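Please look over the sequence and the model first, then go on to the notes below.

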Amino acid sequence: MTVTFAEKLARMPGYQAGVPTGQAPEAIASGGIAQLASNESPFPPHPKVVEAIQGAAGAMNRYPDPDATLLRGRLAERFETEPGRIVVGNGSCEILLAAAEALCEPGDEILYAWPAFSMYPYLPALTGAREMRVPLAEGDFHDLEAMAAEVTAATQLLLICNPNNPTGTHLPAAEVAAFCERIPAHVTIALDEAYVEFQTDDDPDATVDLLADFPNLVVLRTFSKCYGLAGLRVGYAIGSARFRAAVDAVRQPFSVNALAQAAGAEAILHQDDVARRVETTIAERIRVEEALRAMGLATADTQANFSWIHLGEADEAEVVAGLAERQVAVRPGTPLGDPGHIRVTYGAPAEDDRFLAALGELLA
Ligand SMILES: Cc1ncc(COP(=O)(O)O)c(C=O)c1O
């Protein structure tokens with residue numbers, strides 16, 4: 001069956017940015033808007049990372065290293081694996097999209113929980129594969145039982161967002177392992193761990209250890225969140241050499257620019273700094289969640305750098321608009337598939353105070 005240009009376009013979900021386009025990052029940095037809509041880090045990159053970016057800037061007349069050798073080598077050292085098993089991408093989003101393009105075609109199935117990361121619906125839309133969404137279970141957790149039951153011979157790609165965006169709920173590595181045991185080898189399991197550093201259930205590297213047991217497992221991570229490098233777009237995946245070859249086969253060369261490569265290669269060396277950032281964010285998580293509870297609001301059990309707030313009787317659109325009037329940007333739940341909610345990222349303490357005060361005022 002031929003699909004027309006118009007039909008193809010119509011099935012694309014369209015991405016909504018967290019703040020209006022045209023808003024310069026400097027304006028956000030100067031404190032005009034409390035930008036709590038995109039799960040970014042409120043902290044600028046480590047000074048050594050800024051230095052590395054400046055150091056690389058003078059050579060911009062050259063294309064970047066197509067193999068990102070330094071960055072992949074440092075990631076391999078950090079995770080005690082071979083560089084051949086590491087893919088880097090223009091954000092982990094690029095790796096997700098390329099994986100779908102390489103692995104899926106019409107007639108195949110892509111399986112994921114919902115609500116989850118708003119990019120996932122792009123994967124079936126782009127490839128023509130069938131989308132299989134499994135609603136989250138009680139408490140906004142992945143329903144692994146129901147997901148396993150949906151796997152068929154046509155399932156090519158299965159996505160697990162852990163911690164899940166937008167709910168923040170987290171499955172411990174042992175549950176992920178038990179799930180992987182049940183999934184047939186023809187299915188690529190993409191474990192999207194953009195927020196894994198913020199969870200306190202397990203050692204964040206426990207899932208990387210699972211790669212030895214499950215050749216069809218891929219772990220995706222990013223420099224956009226706890227490393228404070230969202231503006232550069234750089235993410236990575238650890239999986240099989242075959243997975244890397246598949247991704248490389250379908251995307252453009254040089255997709256990770258030279259500044260991003262230099263920044264990532266430096267940032268990965270500063271794990272103490274990452275630990276400090278994560279600690280500060282967890283302290284904000286505890287404080288914001290307590291304040292929300294004190295307002296009588298229920299939230300999902302978050303292990304990420306954001307809260308998923310059930311608004312109860314309050315009107316989602318009015319709350320989002322009221323917060324925007326007070327210069328606080330949050331994510332509405334409706335486009336993420338769950339009306340009656342908002343998702344708020346933890347910012348710097350003063351931004352979180354602004355958010356809490358504004359929300360309190362609106363709900364009073
Ligand atoms: C679950 C999840 N995965 C991946 C990403 C994308 O990260 P990157 O900036 O590396 O493309 C995000 C970003 O918001 C996310 O929430």
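How many residues surround the ligand, and which are the closest? There are 13 of them, and Ser92, Tyr195, Thr222, Ser224 and Arg233 are the closest. The model is a predicted one. Its protein has 364 residues, of which 52% count as buried, and it holds 15 salt bridges.

**Overall form**

- The secondary structure of the protein consists of 14 helices and 13 strands.
- The C-alpha trace spans about 55 × 50 × 45 Å along its principal axes.
- The radius of gyration is 20 Å, which agrees with the value near 21 Å that a compact globule of 364 residues would have.

**The ligand and its surroundings**

- Sorted by class, the residues in the shell around the ligand are five nonpolar, five polar and three charged.
- The side chain of Arg233 has an N or O atom 2.6 Å from an oxygen atom of the ligand.
- A nitrogen atom of the ligand lies 2.8 Å from a polar side-chain atom of Asp192.
- The backbone also takes part, with a polar backbone atom of Cys93 at 3.0 Å from an oxygen atom of the ligand.
- The ligand taken alone exposes 400 Å², and the protein buries 94% of that area.

**Salt bridge between Arg251 and Glu94**

- Side chains of opposite charge can pair when their charged atoms come close.
- Arg251 and Glu94 form a salt bridge, and their closest N and O atoms are 3.0 Å apart.
- Arg251 sits in the loop between α10 (241-250) and α11 (258-267), while Glu94 belongs to helix α5 (residues 92-103), so this pair ties together parts that are 157 residues apart in sequence.
- Both partners, Arg251 and Glu94, are buried.
- Glu94 counts as buried because its relative accessibility is 14%, under the 20% limit.
- The side chain of Glu94 also reaches the backbone nitrogen of Asn90, at 2.7 Å.

- Asp205 pairs with Arg221 in a salt bridge whose closest N and O atoms are 3.3 Å apart.
- Asp205 lies in the loop between β6 (188-192) and α9 (206-209) and Arg221 in strand β7 (residues 217-222), so the pair ties together parts that are 16 residues apart in sequence.
- Asp205 and Arg221 are both buried.
- These two residues belong to a network of salt bridges that links Arg78, Glu193, Asp205 and Arg221.
- Arg78 is part of helix α4 (residues 69-78).
- With a relative accessibility of 29%, Arg78 counts as partly exposed.
- Gln271 is 193 residues from Arg78 along the chain, yet the C-alpha atoms of the two are separated by 9.6 Å.

- Asp248 forms a salt bridge with Arg244, the closest N and O atoms being 3.6 Å apart.
- The two residues, Asp248 and Arg244, both lie in helix α10, four residues apart, which is about one turn of the helix.

**Cis peptide bonds**

- Trp114 and Pro115 are joined by a cis peptide bond with omega at about 0°.
- Pro115 is in the loop between β3 (109-114) and α6 (122-127).
- Another cis peptide bond runs from Asn165 to Pro166, with omega near 20°.
- Pro166 is in the loop between β5 (155-161) and α8 (173-182).

- Asn39, a residue other than glycine, has a positive phi near 55°.
- Asn39 is placed in the loop between β1 (34-35) and α3 (47-57).
- At 0% relative accessibility, Asn39 counts as buried.
- Glu80 is not a glycine either, and its phi is positive at about 50°.
- Glu80 lies in the loop between α4 and β2 (86-89).
- At 76% relative accessibility, Glu80 counts as exposed.

Conventions
Residues numbered from 1 in each chain as written. Predicted model: local features only at pLDDT ≥ 70, side-chain atom pairs only at ≥ 80, totals over all residues. Heavy atoms only, no water. Salt bridge = Lys/Arg side-chain N within 4 Å of Asp/Glu carboxyl O. Buried < 20%, exposed > 50% of the residue type's maximum accessible area, 1.4 Å probe, protein only. Near = heavy atom within 4 Å. Polar contact = N/O pair within 3.5 Å; in protein donor to acceptor, adjacent residues only side chain to side chain. Areas by Shrake-Rupley, 256 points an atom, 1.4 Å probe, with all protein chains shown as cover. Nonpolar A, V, L, I, M, F, W, Y, C, P; charged D, E, K, R; others polar. Rg over C-alpha atoms; globule rule 2.2 N^0.38 Å.
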